[in-house]
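Dear colleague,

Here is the structure I promised to pass on. My notes follow below it.

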Amino acid sequence: MSELSDFLQFILDGQLLPSALGDAHKQQFFCKLLIIHKLNVHVNYLRRELPAGHARLEKGTAFMLNLLDIKPLPLATAGLDPVKGEIKSTPEDFVVEEIPAYEPAGEGDFLYLWVEKRDLSSPYMARSLAKALSIPSMEVGMAGYKDRRSVSRQWISVPGHLEKETDKVEIEGFKILKKSRHGNKLRTGHLHGNQFNILLRSNMDEQNQQKIKKLVERVTETGLWNFYGEQRFGKNLETLKIGLDLLAQDKEASRRPFYLRKLALSAVQSALFNEVLRLRVTNNTHKKVLAGDILCMLPQESKCHARNL
């Protein structure tokens, strides 16, 4: 518990910032305040004034090094024999279907498209659709990115006046399954989650079947900890590094494409989330309510703040 508290306090106290001797001017820094809610990370901006002698966060600081030091994640199935197999041998082995936060109303200024993509990244899908419709990529709305190596179905939105043009769209690996309308653009987070159908290919002899039985029993008992996978951070952590550079106000990083900057900042959130969840699992507090947690009351999804525990 103390390790987790120290970790969060370390962030909020601004101790991750470098010193700049001789700088007598106060600087402002937007510190990321971490909130755990439904095993997701939300980031609020906390405006802070730093005392004299501190400078803006710079590339290569301890803050970056701490987040890039990815520690091994605990396993829910620790102590059990693993079963080796292949994942995503084909896109059809990994099927993702979005669970929307709401259904389109059937009327409004925005056209909602229920689409299927196969072996396409979400940014590439958005850029290709925008190009086909002769609109900026920013005008293509989606609730979240889906895995590239998959068959994924989800809602996306485009301006409503383009309905006829969508009939002419031809993108390899992309289908429009149905259309509707709604009053607002689809934005990041407008979903309840995703449903997965994952096929793992392995030699299913009797020995492996017994191993899988024990693994399933353990997971049924404990549940799975919702860590972000390594693909979230990019090859050699490149996406995470860009996100940290953005927070450091690096000029080169700020010139990256919008979709990449958005993804990179999400990678920083994910790295923070993984570290806090790792600490809570290690401290056996992942199933306990701690002061400062944001709780969600189901099924209404109303929220409350844990205090005075």
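Which residue forms a salt bridge with Asp-93? Arg-201 does, and the closest N and O atoms are 2.7 Å apart. A salt bridge here is a side-chain nitrogen of Lys or Arg within 4 Å of a carboxyl oxygen of Asp or Glu. The pair links distant parts of the chain: Arg-201 sits in strand β10 (residues 200-201), Asp-93 in the loop between β3 and β4, 108 residues apart. Asp-93 is buried at 3% relative accessible area, while Arg-201 is partly exposed at 41%. Buried means under 20% relative accessible area, exposed over 50%, partly exposed in between (1.4 Å probe, protein chains only).

Some ground rules. This is a predicted model: local features need pLDDT of at least 70, side-chain atom pairs count only at pLDDT 80 or more, and totals for chains, interfaces and linings use all residues. Residues are numbered from 1 along each chain as its sequence is written, and side-chain values use heavy atoms, with hydrogens and water left out.

**Overall**

The chain has eight helices and 12 strands. These are DSSP runs, numbered from the N terminus (helices: H or I, at least four residues; strands: E, at least two). Of the 309 residues, 37% are buried.

**Cores**

The largest nonpolar core has 18 residues. Such a core is a set of buried Ala, Val, Leu, Ile, Met, Phe, Trp, Tyr and Cys residues joined through side-chain atoms within 4.5 Å. β5 (110-118), α3 (122-133) and β7 (151-159) each supply at least two of its residues. α3 gives the most, with five. Phe-174 is among the residues with the most contacts inside the core. Beyond four places in sequence, Phe-174 touches residues including Met-125, Leu-129 and Ile-156 (contact: heavy atoms within 4.5 Å). A second, separate core of nine residues includes Leu-67 and Leu-240.

The whole structure has 12. Arg-118 pairs with Glu-92, closest N and O atoms 2.6 Å apart. Arg-118 lies in strand β5 and Glu-92 in the loop between β3 (86-87) and β4 (94-100), so the pair ties together parts 26 residues apart in sequence. Arg-118 is partly exposed at 37%, and Glu-92 is partly exposed at 41%. Arg-278 bridges to Glu-275 at 2.9 Å. Both lie in helix α8 (residues 258-282), three residues and about one helical turn apart. Arg-278 and Glu-275 are buried. Shared partners join Glu-97, Glu-116 and Arg-153 into one salt-bridge network.

Best wishes
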